[in-house]
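Please look over this note on the salt bridges of one structure. It is written for a reader who has not seen the structure before.

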Amino acid sequence: KKTRNFMERMISAFASAVALCGCTVSEPYESGLRFVGTFSNDSDTRVEISADRDAGVSRMKWQMSDCIGIFSDAGHVNVPYRCARIDGKAQFLPQNETVSDGNMFWAYYPYTSQCDGCTVGAFEYVVPRRQSFVEGDNSDKLFMCATSGKSEDGIVALEFENVLPLLQFELKGDAVLSSLTVDAGVPIAGKTVLDLASGEIGGISETSSSVRVDFGADGLALSGEPVPVLLGILPMDAVGPVALVFEDTSGARFVKNIWPQGMSVPAGVHVVQPLACINASDFARADIWNDDFSSVELSGSDLFGRLVSGECVYETIGPVTLVSGQLRVGKKNSLAYLKLPQLLGGDVTCDLKVEMSVKALSSGSGTAEFYVDGSGSLSENSAKIASTQQYGVVSVSISGADETTRFRFGGDGFYLNSLKITEQNN
């Protein structure tokens, strides 16, 4: 159970509160209820990491722009209150409606008005697949809840704690990054239903096994000093290595595997993971097409990086992993490579040849199967992979490909060392 840090009480004149936060409510405290918290000023970041790393507790450093939602046992539903700073402490003031009565209160951060039908026991929240990086402000990665009764003098001390997990990577080196994608092989983003009273997480849907953090137009310039990069995720129970796909501002990628034996990150836990230097020399060539734009060859590692960053799309993510630089494909239709003829535009069509360097996972397995969506037709639908020791080339032709063509491949078990696509009618 996470260590709880009880919030300080404070009482202040309403006129001072209005002056600080700009709220336009006439007499918000007629009932005597005051919702209070604390400010911390010992760090520039808005997420405070507990000294107890085993507990992994993250706490909020409130700012006046922060807004929470409040429910009560007296029937108040998702009432917005905004934080004000008074004498260095936090007080939450009503935006419009006032929570004037009740004995038990449940609050959450960040507030959303898109909460039709939400209840204390069933609150919908989405952990996004795309997240942004703002240096020193990680508050958008948190979903925090508080449960409290009121004291005899009408003060409700809100004790917020993070409910969903956080991953924090400490990045250093000399690369300039445009994004970081974490691929866990299991769902880590998507829609979930939370119980605000207990903090328990219910069913999840519309999931993704990867989360991408974007570093903005100028990118994130690394140095010798570690930069903390946080991601909000769903509770994670990865059974194999977790892949980190770094992309620099030229579009080049570098894939790094961590936690080879898997990793569990339960609800509410904040995991901090330092990493070795990420240097510009680690990244592959950004322009994957050759100089006359007639062919492309991708290593297993580069292809995997493009898969999890969105250029290619998984149909079933579980069976696809990166092992020693090779893709491990374990199930039919396990991945799709999108827009193969990237050089084409308009109504132009061409014929393509796809060559895959592969070997079987084990004896008795090893069949590559091919599919095309959109325009184009295949010369073969499958190819047998005989050897488990040496890589061999299997190939298939696609006639009549255009910018809508999607080539999919899967099978009953093989390693992919590289994939090459060549335009046949230049």
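The points below cover the basis of the model, then the charged pairs.

1. This is a predicted model, where local features need pLDDT of at least 70, side-chain atom pairs count only at pLDDT 80 or more, and totals for chains, interfaces and linings use all residues. Residues are numbered from 1 along each chain as its sequence is written, and side-chain values use heavy atoms, with hydrogens and water left out.

2. A salt bridge here is a side-chain nitrogen of Lys or Arg within 4 Å of a carboxyl oxygen of Asp or Glu. The count by this rule is 3 salt bridges.

3. R130 pairs with D214, at 3.0 Å from N to O. The two sit 84 residues apart: R130 is in strand β9 (residues 130-132), D214 in strand β17 (residues 210-214). Strands are DSSP runs (E, at least two residues), numbered from the N terminus. R130 is partly exposed, at 46% relative accessibility. That label covers values between buried (under 20% relative accessible area) and exposed (over 50%), with a 1.4 Å probe and protein chains only.

4. D214 also forms a salt bridge with R212, with the closest N and O atoms 2.7 Å apart. R212 is buried, at 13% relative accessible area. Shared partners join R130, R212 and D214 into one network.

5. K191 and E206 form a salt bridge at 3.5 Å, N to O. K191 lies in strand β15 (residues 189-194) and E206 in strand β16 (residues 201-208), so the pair ties together parts 15 residues apart in sequence. How accessible is E206? E206 is exposed, at 65% relative accessibility. K191 is partly exposed, at 24%.

Note on methods. Helices (H or I, at least four residues) and strands (E, at least two) are DSSP runs, numbered from the N terminus.
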